Amino acid sequence: MQDRDGAYLLLRRSRRLFPFVETIFADGGYQGPKMTTALAKTGTWKLEIVKRTELHRFVVLPKRWVVERTFAWIARNRRLARDFERHARTVAAFIRLAMIRIMLRRLTRPIPCS
């Protein structure tokens, strides 16, 4: 199933879990009537398409770097660097543990006194 075709199911489940989300950032693959219909059926979200400005050069796109950076942080955990897990629940649990580890490290960081 393509991402755009599965968007309705994902958005329907996500609305109950994340009622505080107001804006969805997506790439150009999510443009079109299917995504517009899925958004209209599931809630009052605002869809913002992040477009490329230059095709053949590397340019950091707004908001996309946040996702890429988070994936890089998660990949530092040895267990998540490769696809070792057989079940999606196990992968989700290890991703949650990796993010908890990152958050705890930041929260317990000593604050320099001035």
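Trainee: Which helix gives the most to the lining of the second largest pocket?

Mentor: That is helix α4, residues 88–107, which contributes 5 residues to this lining. Keep in mind, as we go, that you are looking at a predicted model.

Trainee: Which residues line the second largest pocket?

Mentor: The names are W73, R76, N77, A98, R101, I102, R105, R106 and R109. By class, the lining holds 5 charged, 3 nonpolar and 1 polar residue. As for volume, the second largest pocket has about 190 Å³.

Trainee: And how should I read the largest pocket?

Mentor: Start with its space, which is about 710 Å³. Then look at the lining: 22 residues, with L10, I24, F25, A26 and V67 lying nearest the centre of the pocket.

Trainee: What classes do the residues of the lining of the largest pocket divide into?

Mentor: There are 16 nonpolar, 4 charged and 2 polar residues.

Trainee: Which residues form the nonpolar patch on the surface?

Mentor: Look for L97, I100, M103, L104 and L107, whose accessible area together is about 520 Å². One of them, L104, lies in helix α4, the helix that also gives the most to the lining of the second largest pocket.

Trainee: Why does L104 count as partly exposed?

Mentor: Buried means under 20% relative accessible area and exposed means over 50%, with partly exposed in between. L104 has 48% relative accessibility, so it counts as partly exposed.

Notes
Residues are numbered from 1 along each chain as its sequence is written. This is a predicted model: local features need pLDDT of at least 70, side-chain atom pairs count only at pLDDT 80 or more; totals for chains, interfaces and linings use all residues. Side-chain values use heavy atoms; hydrogens and water are left out. On a 1 Å grid over the protein atoms alone, a cavity is a set of points where a 1.4 Å probe fits but cannot get out, and a pocket is an open set with protein on both sides within 12 Å along at least five of seven lines; lining residues have an atom within 4 Å of a point. Grid points are joined across faces, edges and corners, and a volume is the space filled by probe spheres set on the points. Ala, Val, Leu, Ile, Met, Phe, Trp, Tyr, Cys and Pro count as nonpolar, Asp, Glu, Lys and Arg as charged, and the others, Gly among them, as polar. Helices (H or I, at least four residues) and strands (E, at least two) are DSSP runs, numbered from the N terminus. Patches are made of residues with over 30% relative accessible area and no salt bridge: like charges are joined within 9 Å, nonpolar side chains (Val, Leu, Ile, Met, Phe, Trp, Tyr) within 5 Å. Accessible areas come from the Shrake-Rupley method with a 1.4 Å probe; for residues, only the protein chains shown count as cover. A salt bridge is a side-chain nitrogen of Lys or Arg within 4 Å of a carboxyl oxygen of Asp or Glu. Buried means under 20% relative accessible area, exposed over 50%, partly exposed in between (1.4 Å probe, protein chains only).
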